[in-house]
Amino acid sequence: MAAPVLDVTGLSVHAGRNALVEDVSLSVRPGETLCLVGESGCGKSLTCMSMLGLLDAGLTVGGSIRLFGAEIVGVSESVLNGLRGSDVAMIFQNPMVSLNPVKRVGAQISEAIIEHTDLRGGAVDRRVAELLDQVGIPNVPRNRNCYPYQLSGGMCQRVMIAMALACRPRLLIADEPTTALDVTIQAQILRLLRDIQAELGLGVVFVTHDLGVVAEIADTVSVMYAGRVVESAPVDMLFEDPRHPYTRALMASRIGFGRMPGTALDAIGGTVPAPSARPKGCNFAPRCHRAGARCAQDPRLLRDGQRSVACHFPETGSEAMA
Ligand SMILES: Nc1ncnc2c1ncn2[C@@H]1O[C@H](COP(=O)(O)OP(=O)(O)OP(=O)(O)O)[C@@H](O)[C@H]1O
(Lines give C-alpha, C1' and ligand atoms only; values in the text may rest on other atoms or scores of the structure.)
Protein backbone atom coordinates (compact mmCIF):
# COMPACT_ATOMS: atom_id res chain seq x y z
CA MET A 1 0.00 0.00 0.00
CA ALA A 2 1.34 3.48 -0.92
CA ALA A 3 2.65 5.66 1.90
CA PRO A 4 0.27 8.39 3.09
CA VAL A 5 0.64 11.84 1.52
CA LEU A 6 -0.78 13.27 4.74
CA ASP A 7 -0.44 11.81 8.21
CA VAL A 8 -1.82 13.79 11.14
CA THR A 9 -1.32 12.50 14.68
CA GLY A 10 -2.66 14.06 17.89
CA LEU A 11 -3.22 17.48 16.31
CA SER A 12 -4.34 20.21 18.68
CA VAL A 13 -5.02 23.90 18.07
CA HIS A 14 -5.29 26.27 21.02
CA ALA A 15 -6.37 29.91 21.36
CA GLY A 16 -4.80 30.70 24.71
CA ARG A 17 -6.15 28.07 27.11
CA ASN A 18 -9.10 27.17 24.89
CA ALA A 19 -8.63 24.00 22.87
CA LEU A 20 -10.26 24.59 19.48
CA VAL A 21 -9.10 21.27 18.00
CA GLU A 22 -8.06 18.31 20.17
CA ASP A 23 -6.25 15.10 19.46
CA VAL A 24 -7.18 14.82 15.79
CA SER A 25 -5.52 12.01 13.85
CA LEU A 26 -6.11 11.20 10.20
CA SER A 27 -4.30 10.01 7.16
CA VAL A 28 -4.72 10.21 3.37
CA ARG A 29 -3.05 8.03 0.75
CA PRO A 30 -2.51 8.90 -2.91
CA GLY A 31 -5.76 8.66 -4.86
CA GLU A 32 -7.85 8.66 -1.68
CA THR A 33 -10.49 11.18 -0.56
CA LEU A 34 -11.00 11.80 3.12
CA CYS A 35 -14.11 13.80 4.02
CA LEU A 36 -14.17 15.85 7.19
CA VAL A 37 -17.79 16.30 8.17
CA GLY A 38 -19.62 18.02 11.02
CA GLU A 39 -21.71 21.04 11.92
CA SER A 40 -20.40 24.57 11.75
CA GLY A 41 -17.82 25.28 14.45
CA CYS A 42 -16.60 21.67 14.85
CA GLY A 43 -13.04 22.53 13.82
CA LYS A 44 -12.95 21.31 10.22
CA SER A 45 -11.47 24.49 8.74
CA LEU A 46 -8.89 24.89 11.50
CA THR A 47 -7.78 21.31 10.94
CA CYS A 48 -7.29 22.07 7.23
CA MET A 49 -5.56 25.39 7.82
CA SER A 50 -3.13 23.62 10.18
CA MET A 51 -2.17 21.25 7.36
CA LEU A 52 -0.98 24.24 5.35
CA GLY A 53 0.53 26.17 8.25
CA LEU A 54 -2.05 28.89 7.59
CA LEU A 55 -3.43 29.42 11.09
CA ASP A 56 -3.83 32.90 12.59
CA ALA A 57 -0.73 34.04 14.48
CA GLY A 58 -2.45 33.87 17.89
CA LEU A 59 -3.15 30.12 17.64
CA THR A 60 -0.76 27.40 18.75
CA VAL A 61 -0.48 23.99 17.14
CA GLY A 62 0.54 20.75 18.85
CA GLY A 63 0.97 17.18 17.66
CA SER A 64 2.36 16.06 14.34
CA ILE A 65 1.45 16.81 10.72
CA ARG A 66 3.53 14.89 8.20
CA LEU A 67 3.22 15.90 4.55
CA PHE A 68 4.80 13.33 2.22
CA GLY A 69 6.66 11.99 5.24
CA ALA A 70 8.09 15.36 6.38
CA GLU A 71 7.04 16.98 9.64
CA ILE A 72 5.61 20.50 9.19
CA VAL A 73 4.67 21.43 12.77
CA GLY A 74 7.30 23.91 13.94
CA VAL A 75 9.08 24.31 10.56
CA SER A 76 9.95 27.75 9.12
CA GLU A 77 7.68 29.83 6.93
CA SER A 78 10.04 29.39 3.96
CA VAL A 79 9.76 25.58 4.10
CA LEU A 80 5.97 25.91 4.29
CA ASN A 81 5.92 28.33 1.38
CA GLY A 82 7.74 25.78 -0.72
CA LEU A 83 5.04 23.22 0.01
CA ARG A 84 2.01 25.48 -0.39
CA GLY A 85 0.88 25.73 -3.96
CA SER A 86 3.36 23.16 -5.19
CA ASP A 87 2.94 19.79 -3.48
CA VAL A 88 -0.22 20.89 -1.66
CA ALA A 89 -3.02 23.02 -3.08
CA MET A 90 -6.19 24.34 -1.54
CA ILE A 91 -9.56 25.43 -2.86
CA PHE A 92 -12.10 27.34 -0.81
CA GLN A 93 -15.83 27.81 -0.65
CA ASN A 94 -16.27 31.04 -2.54
CA PRO A 95 -14.22 31.35 -5.74
CA MET A 96 -15.38 34.95 -6.24
CA VAL A 97 -13.58 35.90 -3.04
CA SER A 98 -10.43 33.89 -3.76
CA LEU A 99 -9.97 35.15 -7.34
CA ASN A 100 -8.59 38.62 -7.99
CA PRO A 101 -11.55 40.59 -9.45
CA VAL A 102 -9.38 42.95 -11.53
CA LYS A 103 -7.22 40.35 -13.29
CA ARG A 104 -8.15 38.15 -16.20
CA VAL A 105 -8.49 34.51 -15.14
CA GLY A 106 -5.82 33.30 -17.60
CA ALA A 107 -3.33 35.78 -16.15
CA GLN A 108 -4.07 34.56 -12.63
CA ILE A 109 -3.36 30.97 -13.61
CA SER A 110 -0.15 32.09 -15.40
CA GLU A 111 1.05 33.72 -12.17
CA ALA A 112 0.49 30.52 -10.23
CA ILE A 113 2.44 28.55 -12.84
CA ILE A 114 5.34 31.02 -12.88
CA GLU A 115 5.50 31.17 -9.09
CA HIS A 116 5.67 27.43 -8.61
CA THR A 117 7.22 25.92 -11.76
CA ASP A 118 10.14 26.52 -14.14
CA LEU A 119 7.84 27.07 -17.14
CA ARG A 120 8.15 30.45 -18.89
CA GLY A 121 6.87 32.29 -21.99
CA GLY A 122 4.85 30.29 -24.51
CA ALA A 123 5.06 27.16 -22.34
CA VAL A 124 3.10 28.99 -19.63
CA ASP A 125 0.41 30.02 -22.12
CA ARG A 126 0.12 26.46 -23.38
CA ARG A 127 -0.14 25.13 -19.82
CA VAL A 128 -2.91 27.66 -19.00
CA ALA A 129 -4.90 26.48 -22.02
CA GLU A 130 -4.31 22.83 -21.11
CA LEU A 131 -5.48 23.39 -17.52
CA LEU A 132 -8.61 25.33 -18.51
CA ASP A 133 -9.44 22.58 -20.95
CA GLN A 134 -8.83 19.92 -18.29
CA VAL A 135 -11.32 21.55 -15.90
CA GLY A 136 -13.99 21.79 -18.60
CA ILE A 137 -13.95 25.52 -19.42
CA PRO A 138 -15.51 25.89 -22.89
CA ASN A 139 -14.07 28.20 -25.54
CA VAL A 140 -10.71 28.57 -23.80
CA PRO A 141 -9.25 31.25 -26.17
CA ARG A 142 -12.11 33.58 -25.27
CA ASN A 143 -12.77 32.65 -21.63
CA ARG A 144 -9.13 32.86 -20.49
CA ASN A 145 -9.39 36.59 -21.17
CA CYS A 146 -12.48 37.06 -18.99
CA TYR A 147 -12.53 38.74 -15.61
CA PRO A 148 -14.05 36.63 -12.81
CA TYR A 149 -17.30 38.65 -12.77
CA GLN A 150 -17.86 37.70 -16.41
CA LEU A 151 -17.97 34.00 -15.50
CA SER A 152 -20.59 32.06 -13.49
CA GLY A 153 -19.86 30.77 -9.96
CA GLY A 154 -19.38 27.24 -11.30
CA MET A 155 -16.95 28.46 -14.00
CA CYS A 156 -15.01 30.45 -11.39
CA GLN A 157 -14.72 27.34 -9.23
CA ARG A 158 -13.36 25.49 -12.28
CA VAL A 159 -10.79 28.28 -12.67
CA MET A 160 -9.85 27.87 -8.99
CA ILE A 161 -9.40 24.14 -9.55
CA ALA A 162 -7.22 24.88 -12.60
CA MET A 163 -5.08 27.18 -10.43
CA ALA A 164 -4.84 24.51 -7.76
CA LEU A 165 -3.68 21.98 -10.36
CA ALA A 166 -1.24 24.40 -12.00
CA CYS A 167 1.64 23.10 -9.93
CA ARG A 168 0.81 19.41 -10.17
CA PRO A 169 0.07 18.98 -6.44
CA ARG A 170 -0.01 15.58 -4.76
CA LEU A 171 -2.47 16.68 -2.08
CA LEU A 172 -5.56 18.85 -2.55
CA ILE A 173 -7.37 20.38 0.40
CA ALA A 174 -10.89 21.47 -0.51
CA ASP A 175 -12.83 23.41 2.13
CA GLU A 176 -16.54 23.36 1.23
CA PRO A 177 -15.73 23.97 -2.47
CA THR A 178 -19.28 23.37 -3.68
CA THR A 179 -21.34 24.90 -0.85
CA ALA A 180 -21.82 28.25 -2.62
CA LEU A 181 -22.98 26.61 -5.87
CA ASP A 182 -26.44 25.47 -6.87
CA VAL A 183 -27.13 21.75 -6.83
CA THR A 184 -26.64 20.97 -10.53
CA ILE A 185 -23.37 22.88 -10.71
CA GLN A 186 -22.29 21.28 -7.43
CA ALA A 187 -22.77 17.83 -8.98
CA GLN A 188 -20.68 18.86 -12.01
CA ILE A 189 -17.83 20.17 -9.86
CA LEU A 190 -17.84 17.03 -7.70
CA ARG A 191 -17.65 14.89 -10.84
CA LEU A 192 -14.80 17.02 -12.14
CA LEU A 193 -12.86 16.68 -8.88
CA ARG A 194 -13.41 12.92 -8.88
CA ASP A 195 -12.21 12.58 -12.48
CA ILE A 196 -9.15 14.73 -11.89
CA GLN A 197 -8.29 12.85 -8.75
CA ALA A 198 -8.50 9.52 -10.53
CA GLU A 199 -6.39 10.83 -13.42
CA LEU A 200 -3.69 12.41 -11.26
CA GLY A 201 -3.77 10.05 -8.26
CA LEU A 202 -4.24 12.99 -5.90
CA GLY A 203 -4.86 12.64 -2.20
CA VAL A 204 -7.82 14.83 -1.25
CA VAL A 205 -9.09 16.23 2.04
CA PHE A 206 -12.64 17.43 1.44
CA VAL A 207 -14.48 19.47 4.06
CA THR A 208 -18.25 19.49 3.98
CA HIS A 209 -21.27 19.64 6.24
CA ASP A 210 -23.34 17.85 3.59
CA LEU A 211 -23.66 14.08 3.87
CA GLY A 212 -25.00 13.89 0.31
CA VAL A 213 -21.63 15.21 -0.86
CA VAL A 214 -19.82 12.75 1.41
CA ALA A 215 -21.70 9.86 -0.19
CA GLU A 216 -20.67 11.14 -3.63
CA ILE A 217 -17.00 11.66 -3.10
CA ALA A 218 -15.51 10.08 0.04
CA ASP A 219 -13.43 6.97 0.44
CA THR A 220 -13.05 7.51 4.17
CA VAL A 221 -14.89 9.85 6.52
CA SER A 222 -13.94 11.50 9.80
CA VAL A 223 -16.88 12.99 11.68
CA MET A 224 -15.86 15.93 13.86
CA TYR A 225 -17.72 17.29 16.85
CA ALA A 226 -16.59 20.20 19.05
CA GLY A 227 -12.97 20.01 17.91
CA ARG A 228 -12.56 16.24 18.00
CA VAL A 229 -12.96 13.28 15.68
CA VAL A 230 -15.83 11.23 17.15
CA GLU A 231 -16.04 8.58 14.44
CA SER A 232 -14.04 7.63 11.39
CA ALA A 233 -14.57 4.80 8.93
CA PRO A 234 -14.62 3.87 5.25
CA VAL A 235 -17.62 5.62 3.67
CA ASP A 236 -19.74 2.49 3.04
CA MET A 237 -19.26 1.28 6.58
CA LEU A 238 -20.18 4.67 8.01
CA PHE A 239 -23.41 4.94 6.01
CA GLU A 240 -24.44 1.32 6.55
CA ASP A 241 -23.77 1.19 10.24
CA PRO A 242 -23.00 4.52 11.93
CA ARG A 243 -22.01 3.95 15.55
CA HIS A 244 -21.65 7.36 17.17
CA PRO A 245 -24.96 8.96 18.21
CA TYR A 246 -23.74 12.22 16.63
CA THR A 247 -23.10 10.52 13.27
CA ARG A 248 -26.59 9.04 13.46
CA ALA A 249 -28.11 12.40 14.29
CA LEU A 250 -26.34 13.98 11.31
CA MET A 251 -27.70 11.28 9.07
CA ALA A 252 -31.20 11.56 10.47
CA SER A 253 -31.27 15.30 9.97
CA ARG A 254 -29.34 15.50 6.65
CA ILE A 255 -27.66 18.74 7.57
CA GLY A 256 -26.84 19.72 4.04
CA PHE A 257 -30.18 20.94 2.90
CA GLY A 258 -30.49 24.64 3.40
CA ARG A 259 -29.53 24.70 7.07
CA MET A 260 -27.97 27.86 8.38
CA PRO A 261 -24.78 27.62 10.49
CA GLY A 262 -25.51 27.64 14.23
CA THR A 263 -29.06 26.30 13.92
CA ALA A 264 -30.06 23.10 15.70
CA LEU A 265 -30.37 19.76 13.93
CA ASP A 266 -33.86 18.28 13.65
CA ALA A 267 -32.93 15.08 15.37
CA ILE A 268 -31.10 16.61 18.33
CA GLY A 269 -31.65 19.76 20.30
CA GLY A 270 -28.98 22.33 21.06
CA THR A 271 -25.93 23.46 19.12
CA VAL A 272 -22.19 22.75 19.12
CA PRO A 273 -20.72 24.22 22.35
CA ALA A 274 -18.24 27.07 21.95
CA PRO A 275 -14.64 26.04 22.72
CA SER A 276 -14.79 28.01 25.98
CA ALA A 277 -18.01 26.31 27.06
CA ARG A 278 -17.36 22.65 26.39
CA PRO A 279 -18.75 20.28 29.04
CA LYS A 280 -16.60 18.03 31.20
CA GLY A 281 -16.32 14.54 29.72
CA CYS A 282 -17.99 13.80 26.38
CA ASN A 283 -18.64 17.03 24.45
CA PHE A 284 -21.75 15.56 22.85
CA ALA A 285 -23.36 14.24 26.07
CA PRO A 286 -25.65 17.28 26.68
CA ARG A 287 -27.30 16.67 23.28
CA CYS A 288 -27.19 12.88 23.33
CA HIS A 289 -30.21 10.65 23.92
CA ARG A 290 -27.93 7.82 25.09
CA ALA A 291 -25.83 9.78 27.59
CA GLY A 292 -25.30 8.16 31.00
CA ALA A 293 -23.14 8.65 34.08
CA ARG A 294 -20.04 7.32 32.31
CA CYS A 295 -20.21 10.20 29.82
CA ALA A 296 -18.81 12.52 32.51
CA GLN A 297 -15.52 10.78 31.58
CA ASP A 298 -13.92 11.61 28.27
CA PRO A 299 -14.55 8.75 25.82
CA ARG A 300 -11.35 7.69 24.02
CA LEU A 301 -11.38 7.15 20.28
CA LEU A 302 -11.23 3.36 20.13
CA ARG A 303 -10.29 1.44 17.03
CA ASP A 304 -12.34 -1.54 15.90
CA GLY A 305 -10.99 -2.86 12.59
CA GLN A 306 -11.23 -0.06 10.01
CA ARG A 307 -13.48 2.06 12.21
CA SER A 308 -12.81 4.25 15.24
CA VAL A 309 -15.49 5.56 17.60
CA ALA A 310 -15.29 7.79 20.67
CA CYS A 311 -18.40 6.85 22.63
CA HIS A 312 -19.17 4.97 25.85
CA PHE A 313 -22.50 3.80 24.42
CA PRO A 314 -22.00 3.32 20.67
CA GLU A 315 -25.02 2.26 18.67
CA THR A 316 -25.14 -0.75 16.39
CA GLY A 317 -26.80 -1.50 13.06
CA SER A 318 -29.83 -3.25 14.53
CA GLU A 319 -30.91 -0.22 16.57
CA ALA A 320 -33.19 2.41 15.12
CA MET A 321 -31.51 5.53 13.80
CA ALA A 322 -31.70 8.55 16.12
N1 LIG B 1 -8.55 32.56 15.20
C2 LIG B 1 -9.42 32.03 16.07
N3 LIG B 1 -9.39 32.40 17.38
C4 LIG B 1 -10.26 31.87 18.27
N5 LIG B 1 -11.21 30.95 17.94
C6 LIG B 1 -11.27 30.55 16.67
C7 LIG B 1 -10.38 31.06 15.66
N8 LIG B 1 -10.68 30.47 14.47
C9 LIG B 1 -11.72 29.63 14.73
N10 LIG B 1 -12.07 29.68 16.04
C11 LIG B 1 -13.13 28.86 16.70
O12 LIG B 1 -12.76 27.50 16.59
C13 LIG B 1 -13.91 26.67 16.39
C14 LIG B 1 -13.73 25.81 15.14
O15 LIG B 1 -13.75 26.67 13.98
P16 LIG B 1 -13.70 26.13 12.48
O17 LIG B 1 -13.78 27.31 11.58
O18 LIG B 1 -12.54 25.22 12.31
O19 LIG B 1 -15.04 25.28 12.39
P20 LIG B 1 -15.70 24.59 11.11
O21 LIG B 1 -16.11 23.23 11.54
O22 LIG B 1 -14.81 24.68 9.94
O23 LIG B 1 -16.98 25.50 10.89
P24 LIG B 1 -17.54 26.17 9.52
O25 LIG B 1 -18.22 25.06 8.79
O26 LIG B 1 -18.50 27.20 10.03
O27 LIG B 1 -16.36 26.76 8.81
C28 LIG B 1 -15.11 27.61 16.33
O29 LIG B 1 -15.71 27.63 17.61
C30 LIG B 1 -14.48 28.95 15.99
O31 LIG B 1 -15.25 30.01 16.52
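**View 1. The buried residues of helix H7 in a predicted model.** The buried residues of H7 are Gly-154, Met-155, Cys-156, Gln-157, Arg-158, Val-159, Met-160, Ile-161, Ala-162, Met-163, Ala-164 and Leu-165, where buried means that 20 or more other C-beta atoms, placed from the backbone, lie within 10 Å of the residue's own. The model is predicted, and local features need pLDDT of at least 70, side-chain atom pairs count only at pLDDT 80 or more, and totals for chains, interfaces and linings use all residues. Residues are numbered from 1 along each chain as its sequence is written. Helix H7 covers residues 153-165 and reaches 18 Å from its first C-alpha to its last; helices (H or I, at least four residues) and strands (E, at least two) are DSSP runs, numbered from the N terminus. What covers the buried residues of H7 includes strand E6 (88-91), helix H4 (105-116), strand E7 (171-175) and helix H8 (183-200), with contact taken as C-beta atoms, placed from the backbone, within 7 Å.

**View 2. Strand E7 and its partners.** Of the 5 residues of E7, 4 are buried. E7 runs parallel to E6, joined by 4 bridges, and Ala-89 stands opposite Leu-172 in E7; strands pair if DSSP finds at least two bridges between them. A further 5 bridges join E7 to the parallel strand E8 (residues 203-208), in which Phe-206 is the bridge partner of Ala-174.

View 3. Among the 16 residues around the ligand, Ala-15, Ser-40, Lys-44, Ser-45 and Leu-46 come nearest, a residue being near if its C-beta atom, placed from the backbone, lies within 6 Å. Helix H1 (residues 44-51) gives the largest share of this shell, 3 residues.

Terms used:
The expected span of a helix is 1.5 Å times one less than its number of residues. A residue is buried if 20 or more other C-beta atoms lie within 10 Å of its own, exposed if 12 or fewer, and partly exposed in between; C-beta atoms are placed from the backbone. Two residues are in contact if their C-beta atoms, placed from the backbone, lie within 7 Å.
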